[in-house]
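Dear colleague,

I am handing over the structure we spoke about, with notes on what was found in it. Please read the notes alongside the coordinates.

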Amino acid sequence: MHLLRSPEVIADPSRYIDAIAELGPLFFDEVGSVWVCSGYAEAVEILRDHRRFSSVREHDRTALRERGLHASAALSAMVHEQMLFLDPPHHSAIRSALAGQFSGKRIKSREGELRRIAARIVEGLPAEGVLDLVGDFAAQLPAALVALLLGMPGREAELTRWAEAYERLLGSLSALPSTPDPQVDQDLADALSVLQQEAKSRLCDPGDDVISSLTAPLAGRTPSDEELFAIAANCIVLVGGYQTLTHLVTSTLLALHDNPACQQQLRAAPEAIPSAVTEIMRINGSSQYVARRARTDVTVQGTPIAAGESVLVHLAAANLDPRTFTAPRALDLTRRGPRHLGFGTGRHACPGAGYAERLASFAIEGFLDRYPSYAPEPGPNALSWGLHGNTRCLEHAHIRATAAAPAKTITATALQTAGEDTCPEGDHPLPPPSGSTTANCWHEVFAQQARLTPEAPAVQGPHGAATYRELDQRANALAHRLRHLGAEPGAVVAVVMERSVEFALAVLAVAKTGAAFLLADVTCPRERLRTMLVEAAARLVVSDGTLPASTFPTQVVSTDVPAPRPDAPLTGVSPGDTAYIVFTSGTTGTPKAIAISHEATVNLSLAQRQIFRLGPGERVLQFLSPNFDGCLADLTLALLSGATLIVAPTDQLTVGPPLVRLLADQKITTAILTPSVWSALPDQPLPDLRIAAAAGERLPAAWVRQWAAPGRRLLNLYGPAETAVLATWHECTPGEDQPPIGRPVANKQAYLLDDALRQVAPGQEGELWIGGIGVGRYLNRPDLMEERFIRNPHATTEEAGLLYRTGDICRQRPDGTLDYVGRRDRQVKIRGQRLELDEVERVVESAPGVAACHVQENDGRLHALIVPTGPHLDEEPLRSHLALRLHSAMLPATFTPVTELPRTQNGKAEHRFAPATAPTAPAPHPHGPAAASDPPRREHSRLTWQIAQDFAHALDIPLHQVRADSDFFTIGGDSLTLAAFLVRLESLTDNPTDTTALITAPTPEQIASRLLTSGAST
């Protein structure tokens, strides 16, 4: 065992591993009086069994003092306090305190910061020439990472010094040297002192870092010196442990130099770099061995070990066990199977391994991107190893990097476009359609259309209309005004207006300035609207005065302009510039911004022309909310094809009888609605409706049967906002059991991939990735870009574009069309609006009186379980809080107070629970309408009772839960259930309902009073 610390074995551990191979996976070293475990199965059994094997390190402090190592004797106490050398329950208490800091979700959320660390260090490297791969590059990563985790920015030099001292201390305690190392003693004494002081400061002013998490259990009281010492001791483990990262980056890059095929593979597909990092940790990891002591007589894989005997688990040897790993010393980027032991396993596995692996991957990717070619310097002194046998690491590795790109070999990838190469033999595949347009930007397409059909009606609303010529010239005039106020390419201008002719005018005008537009409905919750405007850095807001100017954090502009102008401003805007920004729900509790280019928007129009085939004379309803990207689809569908866009006020768009009346009265020929809205509409012939399109939700087969009519086309449209509204489409036929989402639209590609980004065979499920023209980007969110986008490794003849990870699970049919199966995360669709349940939960939990919350979708509505801070939950202030921050689709229909949230057997949040019904309340009258002494009161009582019954029917709740003063929306109502209620109410009264009045007075008794006053009751 003493050979483990020899320079030869440190430089090449295989010398020792090969030497002990013939002794079996578990043997007793007579010289060291210790068991040595080199087998993978045996190692896993020992490391995971904390009940039979202890990790506590015991050092004879008296022996240390007799050797003159007084400071080392004191520092050995520090080792005893570290979680790596503690057994449960003490070990578990520390791990629990740190669980949140090192969870997979937490690490994922910090990927943007990790990428910035890697990028900063890579940017500091020379353009080319000789450099030290360790000192100039890899060794800088751990200190930057630890400074981030501990919340100690700017202290990287100190952290590096402490890490080196900690490594030397562990070596000293293993070898019991005859002479002390005063520098080690001083450096670690300084570290303990500084870290204890940091712990004290976190108790007064906690942050979001590891030290704060360790001190959190001590909040509210004065900690003992021993507790502060233990916190500092465990921070030092973090400081020293990340030196493994230095070795991991250095050894991976050297291994890739020795394996050009793998290096070229990673350069072509950087997303495979994490696989290389994992393989290097297995083949050539830093941590070589750990020690355990048998608590009792045990038998491991048939070998008896006596109580008190020590076992040296040789991690490096176990990682090369041929019984577990095929060709164990080969670098195989596609290897699957058991995880390596480079970071340990079981309760003592390194908690920060995820950070090390991610930062290593980002650093390696950045290095390969910066240096197309590199090689170790010649000569025996190019590489030099440190003296620590356990955590082995190169002291320096001199290489020469050049900027001259090597010859590249293009290799086929395992990705496949949906519909390609999957048809039966003899048939031809059906690739996605392609096409082009002579316009570079979407407003130029409109200008071309205005020249073709100048007198055709472009927009029509209840208060006016405009031809294509009028709309174009009025938009030019407003665009010139906006230009003088600062609208230009690269800027963002918001449009917050009611649907009207002026709304379409404002959107076009912003486009003609070269700026990107951001649309928002006037009903958008105020705080959410402000967040969107600030996040997008909106320079101006175009408004119609519906909202006061104080609502907006920037200058407000009206649509009033002088005489129309035939000329648009000269802007220099290009196809790659951002055309619009749209916000979608985000997991962090705030909406996330998506930027879509002019090229993508023009391609959207091209796809719509090929799918809808519209022209002058068609009448397109603008139904979808300006809060979502579907609104833009309505605008481009009509205005870029010569059709007429029909705009209407919100009350006429109310789902149910009002919307059906609008479709009929306005002779709408084309409408895009969500399946749930279509399904909520009363049956009516609608003979003018030529194209009924569904988007935003899974399309049930019943929809096709319900809306099929002679001469009517039924379309199923699919596309996340990140892909410019539209990605695939399918034309439905009445006989289909389950309509698919179809094939890619013009110039887009769809890929079904498994978790390793390999194609799945037709008939198998895979995650849908979208590529081609129209893939956007997240604004100000590099972390989300890294999480949801990759470079398209399928591209072979041109620069790879982006692929967007939809999170949707699909299955490919033999003919190449795609079936939607479901989601892989907690994203849901409510009335066609994409929502992150995590965002709803975070906003609910920010409300006063709420300690914790869990939200689930059921039957197209959200239901919330609430843990209140007090004995009762007050819904009124909660709903007021949410109304300012969440749009209507994100508001839970029910709130159910509970003492604790549901958990699975392993303690995780239970994401499936039975939705609660609305709170029980007394009925308006227990046994029907109450008797009254006068006819008016009796009639009001009868009508209130009838409306309460209609409430219960529409909301699908027991009648006893509806009171005379129950607010329809508070007890679970939304736009779809409102549609069902309106059908029953209009059937009761035989008159159209004033939906605006109903929304402002939404209780049974208020509705009854209004009906009696208007004389609408029967």
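Seven strands form an open sheet with mixed pairing, in the order 17-16-14-15-18-19-29, where strands (E, at least two residues) and helices (H or I, at least four) are DSSP runs numbered from the N terminus, and two strands pair if DSSP finds at least two bridges between them. Its edge strands, each pairing on one side only, are strand 17 (555-557) and strand 29 (777-778).

This is a predicted model, in which local features need pLDDT of at least 70 and side-chain atom pairs pLDDT 80 or more, whereas totals for chains, interfaces and linings use all residues. Residues are numbered from 1 along each chain as its sequence is written, and side-chain values use heavy atoms, leaving out hydrogens and water.

Strand 19 (residues 592-597) and strand 29 run antiparallel and are joined by two bridges, with A595 having R777 of strand 29 as its bridge partner. Helix 24 (residues 598-612) packs on the sheet, touching strand 18 (578-584) and strand 19 (contact means heavy atoms within 4.5 Å), and its direction makes about 75 degrees with that of strand 19 (axes are lines fitted to C-alpha atoms, for helices over the stretch in contact, with angles running from 0 to 180 degrees between N-to-C directions).

Best regards
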